[in-house]
Amino acid sequence: MKDGVNGVALAVFIFFFLVVTVMGFVASKWRRAENADSLDEWGLGGRSFGTWVTWFLLGGDLYTAYTFVAVPAAIYTGGAAGFFAVPYTILCYPLVFTFLPRLWSVSHKHGYVTSSDFVRGRFGSKGLSLALALTGILATMPYIALQLVGIQAVLDVLGVGGGSNWFMKDLPLLIAFGVLAAYTYSSGLRAPALIAFVKDALIYIVIIVAIIYIPIKLGGFDHIFGAAGDAFAVKNPETGKPRGSLVSGPDAQWAYATLALGSAMALFLYPHSVTAVLSSKGRNVIRRNTTILPLYSLMLGLLAMLGFMAIAAGIKVKNSQLAIPQLFEDMFPDWFTGVAFAAIGIGALVPAAIMSIAAANLFTRNIYKDFIRPDASPEHEAKVSKLASLLVKVGALVFVLTMDKTVAINFQLLGGIWILQTVPALVGGLFTRWFHRWALLGGWVAGMAYGTWRAYDTPSATQDHFGNTNLIPLIGEKGYIGLTAFVLNVIVVIVLTFALKTLGAPDGVDETKAADYTADAGDPGVREELPPATAGAPGGH
Amino acid sequence: MTEPPTRTPEEGGRKATATVTVPMIVAGVCLAIPFAAMLWVDSYSRLTPAFIGIPFFYWYQMLWVLISTLLTVVAYTIVRRHERLTRAREAGERS
């Protein structure tokens, strides 16, 4: 920012941005079905993606630009505590392996587009499905906003967008946003699926280069961790506490473990994860993906090392989110800085597109169709969803431009806590029909209220509110609030289910059968029940 | 506990064959091991032995990315075999 615009880096950045823009529009013709006007086509890419496309799509979806900026930034700020992202992404795959194939099967059999569709079908409760849909939309919006923050951080360090009046300042972001909105509108889920190839290729190249090149320049990992250890030992003059630590201290281990477990449970319940999973063409595509997606976790671990490198390189930034972009600019030659920034920028576009599609699908299926226009045709649904995806993105943009960045970060943190409260209905519902629908709603209310209240009451490292760990009642250790709220949620669900069953409260109608949860493509009864638009889709590998 | 009131013959068949076998238990254990390893933070919260200058805490957890992946591959192989056998048996019963 201080030394003006970095011309070479900017040119490389713009080049890659143009490439993916063209790809985004071309994507509408990729693996296109004859009848493209339905949510299965626009919102789920025809449910036709094989193992590798799903791998790129999920990788592009879950390991976002924000992740790439925020994880090393957390390490840069406090050390070991930020590394929980690695056990978190280790633990999510055994969980995925256990429950998502069941969700895929039942959704394929009944034509469910969102996870709330499933909950409505399983428990026969529109109210419960509405509650979960709202949770999903609410948790996704700030996440989209954070992707835009990621692009902003890169543009900041590049030296553009620093103009004096607000319009010039935000113009680059507005352009990026407009392009994103246009190709998502025209190509649907196919656009991020195709762009994800470029995004992931760039990210892998940048990280492999960074993890080899920067330590050589800085004199090896010994020196990097030595410098980081010294920096963390320095005590804050106000609180008298050291800045951070290289290992997770005895009083921080519960927090470390519960954050990893709670986040792992929540990750695949986010609407954008479900959308990507349902777009795959078979049960085993998902299972196979749990064996190849950890490659991204490994990359995330390496990426986290960049936080230590930023300390050793003497990077001093007021906003820790800028630490990694600044490290790249200081270390790399200009042209490669451009490649690295393009990786982060495109890394923001892919998830932003998928998230807006997922939120739009939730709105269309579980609010619009269920409550406003029950007779909506598939074409009409697709149209509503396209418009809703635009609205969601405009909302995120307004969020970023008018409010402080910390608001988006706070909401994203709350989003994680909220999403965890959908586990009993969603994951529980995949395995048992024992829970009562009203009990699930009661548990959800209790978990949401407790989680939000505790998060608000907990000071974080930089402000008085919105911390994510606090004392766990009865255990007396500090742990992730979302997980505590989840336990409370489950207790309420069990107690209320017993009570409601004793009272003989009416149970909803379950439209699913036990065999639906293990059905696979090609099974008798599965193929022909696919929505008509999908029938013509090529099933290429 | 509460199953849907009406049951098709096909569903009854699926239920009867969904037995718990030793390989399926092994698959479950494979999926559970990473939880024990990762949630027991005290077991790896130390600096030494370092690997090329990276403290134990970090390289050990990254190593577990690979170990848990291998465990998932084992579970996948077992589960896929199990599903194929179940399907074959059901097809046999139907004909």
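This is a predicted model: local features need pLDDT of at least 70, side-chain atom pairs count only at pLDDT 80 or more; totals for chains, interfaces and linings use all residues.
**Helix packing and the A–B interface**

On the helix 12 side of chain A, the residues involved are A:P271, A:H272, A:V274, A:T275 and A:A276. They meet A:P351, A:I354, A:M355, A:I357, A:A358, A:A359, A:N361 and A:L362 of helix 16 of chain A. Sorted by class, the contact of helix 12 with helix 16 of chain A holds ten nonpolar residues, three polar ones and no charged ones.

Another pair within chain A is arranged quite simply: helix 5 and helix 14 of chain A pack with their axes 9 Å apart and an angle of about 175 degrees. Since angles over 145 degrees count as roughly antiparallel, helix 5 and helix 14 of chain A are therefore described as roughly antiparallel to each other. Helix 5 of chain A brings A:A85, A:V86, A:T89, A:I90 and A:Y93 to this contact, while helix 14 of chain A brings A:P294, A:S297, A:L300, A:G301 and A:A304. Seven of the residues in the contact of helix 5 with helix 14 of chain A are nonpolar and three are polar, with no charged ones.

Then there is helix 19 of chain A, residues 423–431. Seven of its nine residues are buried, so helix 19 of chain A is largely enclosed by the rest of the structure. The buried set consists of A:V423, A:P424, A:A425, A:L426, A:V427, A:G429 and A:L430.

Of the 95 residues in chain B, 21% are buried. Among contacts in chain B with a separation of 6 or more, 64% are between residues 24 or more positions apart. An unreviewed UniProt entry annotates residues 20–41 and 61–79 of chain B as "transmembrane region". In the model, residues 20–41 of chain B are 82% helix and 0% strand, with 32 Å between the end C-alpha atoms. Residues 61–79 of chain B are 100% helix and 0% strand, and their end C-alpha atoms lie 26 Å apart.

What about the interface itself? Between the two chains, 38 residues of chain A are in contact with 36 residues of chain B. Helices 5 (85–110), 10 (220–233), 11 (253–267), 13 (283–292) and 14 (294–312) of chain A each give two or more residues to the side that touches chain B. Helix 5 of chain A supplies the largest share of that side, eight residues. By class, the side of chain A that touches chain B has 22 nonpolar, ten polar and six charged residues.

Helix 5 of chain A also packs against helix 2 (residues 22–39) of chain B, at an angle of about 155 degrees and with the axes 9 Å apart. Helix 5 of chain A and helix 2 of chain B are therefore roughly antiparallel to each other, and the crossing is left-handed. From helix 5 of chain A, A:P87, A:I90, A:L91, A:P94, A:F97 and A:T98 meet B:L31, B:P34, B:F35 and B:M38 in helix 2 of chain B. The contact of helix 5 of chain A with helix 2 of chain B is made up of nine nonpolar residues and one polar residue, with no charged ones.

Key: Residues are numbered from 1 along each chain as its sequence is written. Chains are lettered from A and ligands numbered from 1 in the order in which they are written. Two residues are in contact if their C-beta atoms, placed from the backbone, lie within 7 Å. Helices (H or I, at least four residues) and strands (E, at least two) are DSSP runs, numbered from the N terminus. Ala, Val, Leu, Ile, Met, Phe, Trp, Tyr, Cys and Pro count as nonpolar, Asp, Glu, Lys and Arg as charged, and the others, Gly among them, as polar. Axes are lines fitted to C-alpha atoms, for helices over the stretch in contact, and angles run from 0 to 180 degrees between N-to-C directions. Angles under 35 degrees count as roughly parallel, over 145 as roughly antiparallel, 65 to 115 as roughly perpendicular and the rest as oblique. A residue is buried if 20 or more other C-beta atoms lie within 10 Å of its own, exposed if 12 or fewer, and partly exposed in between; C-beta atoms are placed from the backbone. UniProt positions are given in the numbering used here, feature names are shortened, and annotations may be inferred rather than shown by experiment. A crossing is left-handed if the near helix is turned anticlockwise from the far one by less than a right angle, and right-handed if clockwise.
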